Amino acid sequence: MIHVDMDAFYASVEEHDNPKLKGLPVIVGGLSNHGIVTTANYHARKYGIHSAMPIFMAKQKCPKGCFLPVRMERYKEVSKQVFDILLSITDLVEPLSIDEAYLDVSKIDKNPLIIAEEIKREVMKNTGLTISIGISYNKFLAKLASDWNKPNGMKIITEDMIPDILLPLPVKSVYGIGKKSSKKLNDIGIYTIEDLMRLSEEFLTEFFGKAGNEIYNRIRGIDSRKVNIERERKSIGTERTFSNHTRNKDILKKFLYNFSLELETSLENRDIQAKTITLKIKDVDFRTQTKSKTLNNYISSFNDIFEVAVSLLDEIEIAQDIRLIGLTASNLETIKLEQLSLFD
Ligand code: TTP
Ligand code: MG
């Protein structure tokens with residue numbers, strides 16, 4: 001299992017895009033004193049600045065800091081570049097946030113360290129940024145490892161390091177123990193995992209409810225959570241209702257033309273292709289008709305989609321004016337790396 005997490009993500013993107021910021025404390029989160037800090041680079045963290053701190057407070061701690069607004073579109077763009085790299089390594093990628101993911105690399109016939117180095121190299125090459133990576137045999141430990149020597153960290157936690165490596169850690173480093181529970185535990189004199197390990201499974205179940213048993217196992221290095229790949233979308237499509245009801249096929253075809261262009265873009269952006277195209281129309285009496293065609297091969301180009309859409313329109317009997325038309329692609333499949341290079 002590999003866990004990856006970009007370092008001071010938004011702030012690093014800002015530094016990269018504006019090299020003048022190099023070496024300066026950078027705080028992202030807006031310019032208004034009423035705002036809160038979204039993130040700060042490691043330099044700014046030395047002043048005690050952290051995410052969720054009010055901006056006015058950060059300004060008190062570091063008046064010379066560079067305070068920048070959030071540029072979400074840009075961070076999403078970089079995030080996509082990073083996830084494209086991860087997905088080029090395996091399909092088994094579980095995104096946790098914009099800059100963080102689990103990868104199940106157990107089926108890959110390569111040393112995870114080599115894979116991790118490859119990820120670091122590619123991320124640096126494509127984005128100019130550093131990423132921290134943790135490697136272990138389950139999710140809890142992989143995430144713990146990626147946090148171990150941030151920024152630009154790399155850490156392996158192997159089975160023989162358990163429980164020694166865990167014992168001195170504060171209870172809040174256990175996945176499933178949040179701020180509240182951590183405080184409650186501190187109140188009864190439990191501060192570290194070592195303290196926690198003295199408690200029985202029954203006690204933990206009493207204390208945490210259902211999660212108690214998982215926490216009992218987790219601190220002993222047992223965590224059977226699987227990597228959940230983002231639930232694949234079943235279909236992608238668009239539909240439009242128009243004010244001027246019509247049964248003019250040329251007009252309807254124009255809509256399908258635009259829908260096909262949209263679908264092509266949506267499919268290509270996600271590196272997916274479709275086998276089934278569905279046309280839907282609703283007439284002025286709100287009667288809905290759908291007609292689908294499932295092809296023998298996958299398609300994603302405008303030409304292919306439009307051709308199917310038009311043939312479906314020709315097959316549909318239109319007795320009334322139409323108030324809505326829609327086009328959907330389904331039976332989706334992710335285009336694999338080999339296929340991509342074939343197209344290049
Ligand atoms: P994190 O990975 O938690 O933080 P980070 O990448 O800035 O720093 P590091 O991982 O090196 O400790 O979050 C990723 C991004 O998500 C972060 O750059 C900004 C955003 N974010 C928020 O918008 N609100 C928050 O409370 C946090 C913690 C992060
Ligand atoms: Mg991060």
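In which loop is A52 found? In this predicted model, A52 is located in the loop between α2 (42-45) and α3 (55-61). The residue is not a glycine, yet its phi is positive, at about 80°. A52 counts as exposed because its relative accessibility is 52%, the cut-off for that class being over 50%.

A positive phi also occurs at N152, a residue other than glycine, where the value is near 55°. N152 lies in the loop between α6 and β8. With a relative accessible area of 44%, N152 is partly exposed. The loop between α6 (139-146) and β8 (154-156) is also the place of P151, which is joined to K150 by a cis peptide bond with omega of about -5°. A further cis peptide bond links I162 to P163, with omega of about 5°. P163 is situated in the loop between β8 and α7 (179-187).

The metal site is described next. The magnesium ion (ligand 2) is coordinated by the protein through D5 (OD), M6 (O) and D99 (OD), at 2.0 to 2.2 Å. The site has six donor atoms, and the angles among them run from 83 to 179°. The geometry of the site of the magnesium ion (ligand 2) is octahedral. For comparison with these values, ideal angles for six octahedral donors are 90 or 180 degrees. Along the chain, the donors of the magnesium ion (ligand 2) follow the spacing D-M-x92-D.

Two of these coordinating residues were characterised by accessibility. D5 has a relative accessible area of 14% and is therefore buried, and M6, with a value of 2%, is likewise buried; the cut-off for this class is under 20%. D5 belongs to strand β1 (residues 2-6). When residues up to four places away in sequence are not counted, D5 touches D99, E100, I131, S132, S146 and K150. Among these contacts, D99 is also a ligand of the magnesium ion (ligand 2) through OD, and K150 is the residue joined to P151 by the cis peptide bond.

Helix packing was examined for one pair. Two packed helices are described by the angle between their axes and the distance between the axes. The axes of helix α11 (residues 249-269) and helix α12 (residues 302-315) come within 9 Å and cross at roughly 145°. The crossing of α11 and α12 is right-handed. On the α11 side, the contact is made by K249, L252, K253, L256, Y257, S260, L261, L263, E264 and L267. On the α12 side, the contributing residues are F302, I305, F306, A309, V310, L313 and D314. Sorted by class, the contact of α11 with α12 comprises 12 nonpolar, one polar and four charged residues.

Finally, N297 was considered. This residue is part of strand β11 (residues 288-299). Its relative accessible area is 45%, so N297 is partly exposed. N297 and K275 are separated by 22 residues in sequence, while their C-alpha atoms are 6.2 Å apart in space. N297 touches both A274 and K275, residues up to four places away in sequence not being counted.

How values were computed: Residues are numbered from 1 along each chain as its sequence is written. Chains are lettered from A and ligands numbered from 1 in the order in which they are written. This is a predicted model: local features need pLDDT of at least 70, side-chain atom pairs count only at pLDDT 80 or more; totals for chains, interfaces and linings use all residues. Side-chain values use heavy atoms; hydrogens and water are left out. Axes are lines fitted to C-alpha atoms, for helices over the stretch in contact, and angles run from 0 to 180 degrees between N-to-C directions. Helices (H or I, at least four residues) and strands (E, at least two) are DSSP runs, numbered from the N terminus. A crossing is left-handed if the near helix is turned anticlockwise from the far one by less than a right angle, and right-handed if clockwise. Contact means heavy atoms within 4.5 Å. Ala, Val, Leu, Ile, Met, Phe, Trp, Tyr, Cys and Pro count as nonpolar, Asp, Glu, Lys and Arg as charged, and the others, Gly among them, as polar. Donors are N, O and S atoms within 2.8 Å of the metal (3.2 Å for Na, K and Ca); water is not among the atoms, so sites may look incomplete. Four donors count as tetrahedral if all angles lie between 85 and 135 degrees; four count as square planar and six as octahedral if opposite donors are over 155 degrees apart and all others between 65 and 115; anything else is irregular. Buried means under 20% relative accessible area, exposed over 50%, partly exposed in between (1.4 Å probe, protein chains only).
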